[in-house]
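Visitor: I have a chain open on the screen and would like a quick tour. Can we go through it together?

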Amino acid sequence: MEFLLYVLAGAVVGLAVGITGVGGGSLMTPLLLAFGFPLHIAVGTDLMYATITKSGGVWSYGKQRNIRWDLVGLLAAGSLPMAALTIIALKYLFDEPTDYAGIITTCLGLMLILTSLVLIFGSRLRDVAHRWRQVARNQVGLITVLMGAGLGVVVTLSSVGAGAIGTAVLMTLYPRLTGVNIIGTDLGHAVPLTFVAGLGHLFLGNVDFVLLGSLLIGSLPAIYFGSHLARFIPDRILRSVLATTLFGIGLKYAFF
């Protein structure tokens, strides 16, 4: 019975991802917590789930040459080392997963809130991007690496942000990128980041493979179905509902 419940959960999240393009980690981790899984298991399993589900997107966008691999390299130069260092810190600075649960809970809550704000105000990022471009014209490469480093830490701790926050970073720093290039480049960076972070959590014993398999059985077909269903459902309405839900969940984990 539990197996079917997890398959259904994967299908629900996969459908949301297929329709809106976002919401994988930000929905999956809170859902696993609602099922009663320990926080570290929810985060670790979700990171491996994200790696697998996003890999198909990387193949597709890469085949169409819609990934800016130079920008992926800049982001990864910051994110991958910081993801590894974050895992090392969790391993050697804490005795038990429960000792760092508070850090993960707060980070998860804040990232959910930030993700919801990106979903709501994402269309206004182009205006901010223009101002950023004027200020950081000569330092944009360095800033990209630093933003990648920040993503490496928060994604490893919360499993949230590789998609929505990564997209916001690219939109802000590189306003001339087309929408398809932003999505492709973000996916190109998200997969190695979630893979390294997921391997780290696997090293810590934080991945449940039975749960992971159940989620994938439900989500992979649902993502495909949702991507075709998206053309019939107003994206603005779905994103508003998703943003409101994430904001409420984020408040719960960040401050209560």
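This is a predicted model: local features need pLDDT of at least 70, side-chain atom pairs count only at pLDDT 80 or more; totals for chains, interfaces and linings use all residues.

Visitor: Noted. How many helices and strands does the chain have?

Guide: There are 11 helices and 0 strands. Read from the N terminus, the order of elements is α-α-α-α-α-α-α-α-α-α-α.

Visitor: And what percentage of the residues count as buried?

Guide: The chain has 256 residues, and 50% of them count as buried.

Visitor: Let's do helix packing. How is a packed pair described?

Guide: Two packed helices are described by the angle between their axes and by the distance between those axes.

Visitor: Fine. What are the values for helix 3 and helix 9?

Guide: Helix 3 covers residues 39-63 and helix 9 covers residues 179-203. Their axes come within 8 Å and cross at roughly 145°.

Visitor: What sort of residues make up that contact?

Guide: The contact of helix 3 with helix 9 has 14 nonpolar residues, 10 polar ones and 1 charged.

Visitor: Left-handed or right-handed crossing?

Guide: Helix 3 passes helix 9 in a left-handed crossing.

Visitor: Staying in helix 9, is L193 buried or exposed?

Guide: L193, another helix 9 position, is buried, with a relative accessible area of 0%.

Visitor: Where is P81, and how exposed?

Guide: P81 belongs to helix 4. The relative accessible area of P81 is 41%, so P81 is partly exposed.

Visitor: What about L80?

Guide: L80 is in helix 4, and at 25% relative accessibility L80 counts as partly exposed. L80 and H189 are 109 residues apart in sequence, and their C-alpha atoms are 9.6 Å apart in space.

Visitor: Change of topic. How many salt bridges are there?

Guide: The structure holds 1 salt bridge. R68 forms it with D70, and the closest N and O atoms are 2.7 Å apart.

Visitor: Now the surface. Which residues form the nonpolar patch?

Guide: The patch is formed by L114, L117, I120, F121 and F247. Together these residues have about 410 Å² of accessible area.

Visitor: Which helix gives the largest share?

Guide: Helix 5, residues 101-121, contributes 4 residues, the largest share of the nonpolar patch.

Visitor: Take I120 from that list. Where is it, and how exposed?

Guide: I120 is placed in helix 5. With a relative accessibility of 46%, I120 counts as partly exposed.

Visitor: Last topic, backbone. What is phi at R65?

Guide: R65 has a positive phi of about 60°, although R65 is not a glycine. R65 is in the loop between helix 3 and helix 4, the latter being 69-93.

Visitor: And S159? What is phi there?

Guide: Phi of S159 is near 70°, again a positive value in a residue other than glycine. S159 is found in the loop between helix 7, 140-158, and helix 8, 164-173.

Visitor: Which of the two is buried and which is exposed?

Guide: S159 counts as buried because its relative accessibility is 6%, which is under the 20% cut-off. R65 counts as exposed because its relative accessibility is 77%, which is over the 50% cut-off.

Visitor: Good, that covers my list.

Technical notes
Residues are numbered from 1 along each chain as its sequence is written. Side-chain values use heavy atoms; hydrogens and water are left out. Axes are lines fitted to C-alpha atoms, for helices over the stretch in contact, and angles run from 0 to 180 degrees between N-to-C directions. Helices (H or I, at least four residues) and strands (E, at least two) are DSSP runs, numbered from the N terminus. A crossing is left-handed if the near helix is turned anticlockwise from the far one by less than a right angle, and right-handed if clockwise. Ala, Val, Leu, Ile, Met, Phe, Trp, Tyr, Cys and Pro count as nonpolar, Asp, Glu, Lys and Arg as charged, and the others, Gly among them, as polar. A salt bridge is a side-chain nitrogen of Lys or Arg within 4 Å of a carboxyl oxygen of Asp or Glu. Patches are made of residues with over 30% relative accessible area and no salt bridge: like charges are joined within 9 Å, nonpolar side chains (Val, Leu, Ile, Met, Phe, Trp, Tyr) within 5 Å. Accessible areas come from the Shrake-Rupley method with a 1.4 Å probe; for residues, only the protein chains shown count as cover. Buried means under 20% relative accessible area, exposed over 50%, partly exposed in between (1.4 Å probe, protein chains only).
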